[in-house]
Amino acid sequence: LILTGGLYTAVGVANRAAGVSWDPAVLAWEAALFGGQPSFDWIRAQPWPWLSFLLHAAYGSYYFILAASPLGLWLTGRHAAARRALRLTMSAFYACYLAFLVFPVAGPRYVLPAVANEARQVLPARLVHGILEGGSAWGTAFPSSHVAAGLAAAAAAWLGWRALGAVLLPLAALMSIGTVYGQFHYAVDALAGAAIAAVLVGLDLRRSRPRPAAAEAPGPPA
């Protein structure tokens with residue numbers, strides 16, 4: 001899981017070298033679905049410091065969610081649940097990374113004008129933008145790996161330990177919303193990431209569902 005950071009960077013380098021971006025198509029999807037550009041319009045329409053603080057702080061909780069889900073489960077003796085959390089999180093990353101290479105999208109941070117209002121000045125906003133300026137990868141917006149991996153990890157925590165899931169799921173939901181408010185992802189990026197998490201969790205639940213025992217074949221008559 002830790003090493004995926006290096007893979008993420010490598011995908012960004014490969015995409016930047018290729019120089020292909022599908023942002024115009026995604027912008028058209030945004031306009032068709034929402035009648036505008038949520039990643040541009042929202043933070044300008046509601047530049048409230050309290051909302052910006054909440055959503056940018058939730059966006060920054062992404063790293064906490066990824067670590068807290070498997071570690072919290074493992075350290076409390078829920079080893080099978082911890083393995084599920086790692087399996088779902090890694091599957092979400094790999095699904096997104098494959099999509100990045102096939103369909104590179106730079107994202108609103110690179111395509112749309114940056115916001116310069118009071119919402120951008122709160123401390124969590126300055127911190128997460130500073131982190132991204134030093135560590136983001138080009139062409140890795142669609143689908144949002146933040147949303148996919150964060151929701152997958154939080155859902156695994158809920159399935160393994162309700163108390164931990166009750167903390168992580170609301171954080172992951174706010175983080176998913178914050179990706180759009182903070183102009184880190186298009187809204188369709190977040191929706192696609194949530195869809196990936198939902199599919200992976202559903203497949204994992206189906207795989208782990210106990211199978212009914214086969215009916216015993218009748219023996220010969222006495």
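Reader: At what angle do helix H5 and helix H6 pack?

Author: This is a predicted model, where local features need pLDDT of at least 70, side-chain atom pairs count only at pLDDT 80 or more, and totals for chains, interfaces and linings use all residues. Residues are numbered from 1 along each chain as its sequence is written, and side-chain values use heavy atoms, with hydrogens and water left out. H5 covers residues 62–75 and H6 residues 79–102, helices being DSSP runs of H or I with at least four residues, numbered from the N terminus. Their axes (lines fitted to C-alpha atoms over the stretch in contact, with angles from 0 to 180 degrees between N-to-C directions) sit 6 Å apart, and the packing angle is about 150°.

Reader: So is H5 roughly parallel or roughly antiparallel to H6?

Author: Under 35 degrees counts as roughly parallel, over 145 as roughly antiparallel, 65 to 115 as roughly perpendicular and the rest as oblique. The angle here is about 150°. That makes H5, relative to H6, roughly antiparallel.

Reader: Which residues are linked in a network of salt bridges?

Author: A salt bridge needs a side-chain nitrogen of Lys or Arg within 4 Å of a carboxyl oxygen of Asp or Glu, and the whole structure has three. Asp204 meets Arg84 at 2.8 Å, N to O, and Arg87 at 2.9 Å. Arg207 also bridges to Asp204, with the closest N and O atoms 3.9 Å apart. The network is made of Arg84, Arg87, Asp204 and Arg207.

Reader: How far apart in sequence are the parts that Arg87 and Asp204 tie together?

Author: Arg87 belongs to helix H6 and Asp204 to helix H11, which runs over residues 187–208. So their bridge ties together parts of the chain separated in sequence by 117 residues.

Reader: Is Arg207 buried or exposed?

Author: Buried means under 20% relative accessible area, exposed over 50%, partly exposed in between (1.4 Å probe, protein chains only). Arg207 has a relative accessible area of 56%, so Arg207 is exposed.

Notes:
Helix = DSSP H or I, 4+ residues; strand = E, 2+ residues; numbered from the N terminus.
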